[in-house]
Amino acid sequence: MIRLDPGADTELTSTERKVRLGFTFALACLAVIGVVSYLSVVRLKENAAWVEHTHEVLSSLELLLAAATDSETAERGYVITGDQSYLEPYRQAAAVVDGQTRHLRELTADNRAQQQRLDSVAALVNDRLANLRAVIELRQDQGFAAAQGEILTGKGKQFHDRIRRLIDQMKSTETSLLKEREQRANRSSNIVQTVTIGGGVLACGLVGLALFAIRRDFAGRARADRALRDAKDQLELRVRQRTAELEKAGETNARLASIIESSDDAIASKNLEGIITSWNPGAERLLGYTAQEALGKPMAMLIPPERSSEEPAILARIARGETTDQFETVRIAKDGRKIDVAVTISPIRDSQGRIIGASKIARDITDRKLAQSKVQAQLARLHLLHQITRAIGERQDIQSIFQVVIRTLEEHLPVDFCCICLYDPAENCVIVTSVGLHSEALAMELAMSAQARIEIDQNGLSQCVQGRLVYEPDITQVPFPFPQRLARGALRSMVAAPLLVESKVFGVLIAARQQAHSFSSGECEFLRQASEHVALAAHQVQLYSALQQAYEDLRQTQKAVMQQERLLALGQMASGIAHDINNAISPVSLYTESLLEQEPGLSPRARGQLETIQRAIDDVAQTVARMREFYRQREAQMTLLPVDMNAIVQQVVDLTRARWSDMAQQRGIAIEMRTELAPDLPSIMGADNEIREALTNLIFNAVDAMPNGGPLILRTRLTQERGVVQVEVIDAGIGMGEDTRRRCLEPFFTTKGERGTGLGLATVYGTMQRHSADCEIESALGKGTTVRLSFAIPATPAVGAAVSATASAVPPQRILVVDDDPLVLKSLRDTLEADGHGVTTADGGQAGIDAFLAARAQGNPFPVVITDLGMPYVDGRKVSNAVKTAAPETILLMLTGWGQRLVADGDVPPHVDRVLSKPPKLRELREALARCLDARAA
């Protein structure tokens with residue numbers, strides 16, 4: 001046995017003790033660092049769990065809101081279509097709401113404020129479901145109108161808005177908690193990194209101190225050399241033992257190398273310059289380079305240009321001894337493909353602990369990335385569909401709905417071309433209705449702008465209008481007109497989705513892109529769902545528009561019926577008034593005509609005044625006769641006589657003097673009436689009373705239009721080149737704007753408010769139509785108005801109506817006059833007695849019958865009876881019947897305010913020989929008596 005020197009042994013023991021103490025202290029420090037790191041990791045896991053908890057709460061809130069939205073969509077679909085299948089999402093929504101509410105209660109049990117908001121949300125959701133159930137029951141029990149009325153109250157929208165606001169508040173709270181918990185997690189992660197790095201540095205420091213102590217003791221170890229030489233044999237023995245251990249370690253390394261060689265992950269190593277030093281078969285399979293091709297090449301050849309800064313940063317961290325956690329990046333394979341990988345990098349040290357390179361493990365995560373991108377795309381499309389649904393739900397016209405959908409698809413899906421067409425089954429074509437803003441230039445190039453017609457070909461569109469979604473991944477390979485038209489615009493793929501309502505296609509949504517095979521199955525399904533939402537919204541708008549139109553038609557019909565009833569009532573009232581007026585003016589007419597005939601000694605002034613009275617009475621009679629036009633059409637024929645327009649103008653000036661002179665002066669204004677009459681003006685054919693009435697209306701309108709007074713000119717002139725006589729009424733009033741001028745001839749249109757009836761100019765226009773004349777109006781605001789009436793000159797000279805030669809050749813007769821108006825009786829008796837007749841009067845129908853029968857019984861019958869029609873108790877019909885029954889040879893004249901109406905309607909009583917209108921004219925009365933007497937003599 002080898003014995004060591006005691007001094008050397010003591011020195012060795014001292015050195016070993018120092019080393020042991022140093023390493024013991026280092027291990028203690030590492031243990032403390034490990035405990036601190038463990039606690040930090042625990043806190044990190046707790047914070048990560050809270051972050052996951054917050055994400056779960058947000059996800060449940062989204063599901064709860066989606067369930068409420070789905071139930072409302074189902075309710076609207078059922079209300080509109082009546083299809084029970086639409087109620088399935090509604091029934092499922094109730095279960096989802098209950099489940100998510102319970103789940104949220106568990107998740108937010110530690111947050112009292114969130115619990116209170118959740119209680120409010122649950123109550124509102126239940127109320128909303130109850131409201132939806134009530135609408136559905138109304139639809140089932142009372143039909144669409146009742147359900148629509150309930151929906152239009154806006155109660156459901158208020159529930160939904162309040163639910164959304166509360167859920168948004170809960171999301172906001174959870175988002176704030178998420179940020180706070182993520183910050184805590186980051187702090188915990190930083191603490192772990194700091195402790196780990198600090199502990200490593202501290203351990204390295206302690207090891208350095210131990211090495212320093214060893215170096216200081218090297219001098220003492222020199223003394224131990226002899227003892228070490230003596231221990232040579234023992235060391236050789238130990239070497240042999242160590243060799244055996246190394247052989248065993250070699251076997252272990254071989255197993256490790258086998259594991260590396262058989263790993264599916266790419267495992268490679270590189271030196272500090274980034275040159276590849278090892279390359280396993282997994283790397284060959286993943287990246288395509290063989291070991292011979294990769295070894296000695298820079299690792300940077302695998303890094304895309306946009307990530308070229310990764311490799312220097314990794315090498316710098318490895319050189320500093322820093323640990324690189326697993327991260328996700330992209331690498332380029334030999335064939336140029338970009339591969340998503342998760343990379344772990346660890347430093348490689350030599351036997352002395354120096355860093356000489358790094359090992360890299362890369363795992364292919366392409367499938368995982370693809371799955372994540374699909375999920376994210378699906379979520380984005382769902383969010384986009386929700387945006388579209390909410391946007392179109394706020395609109396009530398089809399064009400704005402189509403534009404919102406197209407604009408959203410262009411910007412967010414996105415697509416290079418999008419339009420919506422309406423299907424015309426009768427013409428077997430679709431009509432472009434709406435084109436996207438970004439698609440307008442391409443639409444013009446493809447002749448697919450708004451209102452363009454597209455014939456249905458045998459592929460694509462023909463299938464789409466049958467209700468099937470059509471996807472053409474490469475339209476250049478489709479030999480049909482419509483796909484080829486799109487291909488000419490550099491488009492390569494197309495989706496056509498039908499707009500389907502109640503199993504009936506009414507339109508097509510077309511989306512296209514410039515790349516072939518660019519629409520995924522998820523995007524096609526999204527376009528199908530979007531088309532269903534668009535079709536449902538468009539159908540709802542059509543129903544709303546039809547309902548609005550029906551309401552408007554009903555309102556207009558009711559208004560027309562009420563107007564007709566008012567006109568009928570007014571006409572009936574006017575008819576009664578006309579009878580009374582005719583009775584009232586009859587004495588005036590008879591006496592005036594009698595004075596003009598039988599008083600040759602009248603002064604010219606008196607005769608002129610009586611003639612004016614006679615014309616005024618004739619005009620009143622004609623006006624009263626036209627009152628029935630409120631509810632009865634005018635006779636087709638109108639008697640036209642020669643009219644001297646200059647005389648008519650002068651007569652109208654005299655008739656309206658009170659209006660433009662006296663009444664104007666009472667208001668403190670002065671209107672200067674001027675007449676400019678053309679000499680030798682030929683006569684026209686017309687009704688003088690209607691022309692006087694038309695000019696009177698024009699003068700009244702001119703006076704109303706001159707609140708400050710001014711000149712009012714009546715001018716006549718002859719236009720030979722046109723062969724017309726013109727009458728102009730020119731005022732210096734306020735004038736009319738262009739809109740008022742265009743509408744001023746419409747019945748009931750007035751600018752005078754309550755003072756106007758809107759019939760004045762309409763009456764003038766009607767008079768001109770009946771005379772085949774023209775009416776022109778020139779006016780401007782502040783510049784007055786000129787109304788020009790143009791009457792055609794007759795081809796042959798106008799000749800006055802011949803006066804009956806028999807009018808004065810009536811022999812004296814005994815005449816019975818029957819009327820209930822004493823003034824009419826007296827005026828008729830006076831005028832007839834002046835002609836030499838014997839007149840007996842009776843003040844009623846029964847009195848007339850009694851007088852006639854009494855005279856006949858006495859042998860002195862009345863050969864002529866003149867009776868009124870409208871009398872109380874016994875009217876003129878009964879009188880005529882009684883007279884003709886007793887003495888058929890008796891001449892019976894009926895004098896009534898309804899004379900022309902009875903003749904026009906063919907309603908003359910069968911026992912009446914002649915009907916005359918009130919107010920009576922002596923000439924007409926004499927002519928009727930003469931004709932009846934001649935007929936009886938014949």
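How many of the 938 residues of the protein chain count as buried? The share is 41%, where buried means under 20% relative accessible area, exposed means over 50% and partly exposed lies in between, with a 1.4 Å probe and protein chains only. The model is predicted: local features need pLDDT of at least 70, side-chain atom pairs count only at pLDDT 80 or more, and totals for chains, interfaces and linings use all residues. Residues are numbered from 1 along each chain as its sequence is written, and side-chain values use heavy atoms, with hydrogens and water left out.

The secondary structure of the protein chain amounts to 28 helices and 23 strands; these are DSSP runs numbered from the N terminus, helices being H or I with at least four residues and strands being E with at least two. Among contacts in the protein chain with a separation of 6 or more, 65% join residues 24 or more positions apart, a contact being heavy atoms within 4.5 Å.

Arg 331 pairs with Glu 310, their closest N and O atoms being 3.1 Å apart; the term denotes a side-chain nitrogen of Lys or Arg within 4 Å of a carboxyl oxygen of Asp or Glu. Because Arg 331 lies in strand E3 (residues 324–332) and Glu 310 in helix H11 (residues 310–319), the pair ties together parts that are 21 residues apart in sequence. Both Arg 331 and Glu 310 are buried.

A further open sheet has six strands in the order E8-E7-E6-E11-E10-E9, again with antiparallel pairing. E8 and strand E9 (470–472) stand at the edges with a single partner strand each, so one side of each is left without a neighbour in the sheet. From one strand to the next the twist averages 25 degrees. E7 and E8 pair over three bridges in the antiparallel sense, and the partner of Cys 429 in E8 is Glu 455. Helix H13 (residues 398–412) packs on the sheet and touches E6, E7 and strand E11 (504–513), its direction making about 75 degrees with that of E7.

Tyr 423 belongs to strand E6. Not counting residues up to four places away in sequence, Tyr 423 touches residues including Cys 429, Ile 456, Val 465 and Phe 506. Tyr 423 and Val 465 are 42 residues apart in sequence and 7.5 Å apart in space, C-alpha to C-alpha.

Across the whole structure, 30 salt bridges are found. One of them joins the side chains of Arg 453 and Glu 427 (3.7 Å, N to O). This pair links distant parts of the chain, with Arg 453 in strand E8 (residues 453–455) and Glu 427 in the loop between strand E6 (417–424) and strand E7 (429–435), 26 residues apart. Arg 453 is partly exposed at a relative accessible area of 42%, and Glu 427 is partly exposed at 47%.

Arg 926 and Asp 835 form another salt bridge, with closest N and O atoms 2.8 Å apart. Arg 926 is in helix H28 (residues 922–937) and Asp 835 in the loop between helix H24 (822–834) and strand E20 (838–842), 91 residues apart. Arg 926 counts as buried at 15% relative accessibility, whereas Asp 835 counts as partly exposed at 24%. A network of salt bridges links Glu 676, Arg 715, Arg 717, Glu 728, Glu 776, Glu 778 and Arg 788.

Methods:
Pairing = 2+ DSSP bridges. Axes fitted to C-alpha atoms, helices over the stretch in contact; angles between N-to-C directions.
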